[in-house]
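Here is a short briefing for a first look. Please keep the sequence and the model in view.

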Amino acid sequence: MWLRFMKPWGLRPRGEKWKGRLQSLLALQPLRLASGCRPPSVTARALVNHWAQLFEERGVPEARESSEYIVAHVLGAKTFQSLSASQRCAPITDLQQEQIGELCTRRLQRMPVQYVIGEWDFQGLTLKMTPPVFIPRPETEELVNLVLHEQSQRCQEFRRKRTLAHQSHSCPLILDVCCGSGAIALSLLSKLTQSRVVAVDKGEEAVQLTRENAQRLHLEDRIQIVRHDITSGVNREQLLPWGPVDFVVSNPPYIFHCDMAQLAPEILSYEDTDSLDGGENGMSVIREILSQAPMLLKDSGSIFLEVDPRHPELVEKWLQSHPDLGLSLLATHVDFCGKPRFLHIHKSRDPGSRRTQNV
């Protein structure tokens with residue numbers, strides 16, 4: 001949920017309507033010289049250029065990228081670059097022109113591309129996207145990678161020790177809090193083929209979308225999807241159907257409430273603000289997760305959180321003021337811009353025995 005590079009999807013201008021055919025595409029075609037003379041066919045490349053220019057004129061962010069994604073989607077491709085040279089220059093049918101026009105009109109209304117085309121890739125998985133469920137951002141893929149790395153390290157450690165616990169550690173139980181579209185939960189399930197995940201969100205739309213994405217990816221047999229507000233307390237029966245978990249992972253609402261007004265209006269118009277607003281200091285949901293984690297985790301369990309760069313210090317101080325939880329901040333990891341973004345918190349009987357690392 002990183003805002004610096006969060007795409008400013010947004011406001012819906014009034015009076016913008018799609019009228020069927022692309023009227024302004026006439027500018028791309030020579031005028032008919034005589035009655036019955038058919039104008040040249042419009043190509044994919046011409047459509048990309050046309051809409052990119054219009055997006056640019058209207059102040060739509062990432063104008064060319066938006067145009068390319070929409071045209072590619074209608075042509076059945078992931079990206080415009082994946083189309084062959086002949087496909088880019090081939091004529092577009094009237095139906096395809098109309099479909100592209102309808103989708104681009106939604107983008108002119110500042111609807112996110114992910115909602116416009118109805119899907120987005122995350123960790124190699126194609127997930128369905130529907131408003132107002134929070135759109136997973138690219139940096140959150142690193143949160144998944146950190147869990148995968150920790151699981152790999154644990155398995156190696158137990159193999160070296162040749163303990164009987166190795167088998168159980170190769171089948172981790174994971175709790176994903178504030179699951180949204182299911183991006184984190186389903187990515188972990190797809191990478192850790194013997195894992196099981198409980199995915200939790202308080203929003204009905206998010207629960208339904210996670211369930212649908214799990215079914216689309218054929219991962220529904222290893223996931224329990226629960227509608228539950230983590231701030232309302234622990235429901236062990238719902239959250240621990242298989243017992244205590246190895247990992248609690250979350251990309252929670254962490255934006256400082258005072259910063260909410262500064263968000264692009266596009267974001268506030270389309271995405272669920274409850275998935276963004278973390279309260280006075282962005283810690284409302286984070287505190288709840290940390291308070292409940294000791295009751296949810298195994299003794300060797302870990303918490304992985306995506307946070308605001310101001311949070312590592314706040315979280316460490318909060319944990320130090322709550323020694324009874326037995327939690328310690330083990331490491332802080334940076335995002336691809338070098339900002340402290342991810343926290344690895346360990347359940348330990350002696351929090352002071354571990355030193356915080358900055359990675």
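Predicted model: local features only at pLDDT ≥ 70, side-chain atom pairs only at ≥ 80, totals over all residues.

Residues are numbered from 1 along each chain as its sequence is written, and side-chain values use heavy atoms, without hydrogens and water.

**Strands 4 and 5**
- Strand 4 (residues 196–201) and strand 5 (residues 223–227) run parallel, joined by 5 bridges.
- Strands (E, at least two residues) and helices (H or I, at least four) are DSSP runs, numbered from the N terminus, and two strands pair if DSSP finds at least two bridges between them.
- A199 sits opposite I225 of strand 5.
- With helix 9 (residues 204–216), strands 4 and 5 form a right-handed β-α-β unit.
- Right-handed means that, with the strands pointing away from the viewer, the path from the first strand over the helix to the second runs clockwise.

**Helices 6 and 8**
- The axes of helix 6 (residues 140–161) and helix 8 (residues 183–191) come within 10 Å and cross at roughly 40°.
- Axes are lines fitted to C-alpha atoms, for helices over the stretch in contact, and angles run from 0 to 180 degrees between N-to-C directions.
- Helix 6 contributes T140, L143, V144, V147 and L148 to the contact (heavy atoms within 4.5 Å).
- Helix 8 contributes I184, S187, L188 and K191.

**Helices 2 and 4**
- Helix 2 (residues 63–74) packs on helix 4 (residues 94–108) at about 145°, with axes 10 Å apart.
- Helix 2 brings S66, I70, V71, H73 and V74 to the contact.
- Helix 4 brings Q96, Q99, I100, L103, C104 and R107.
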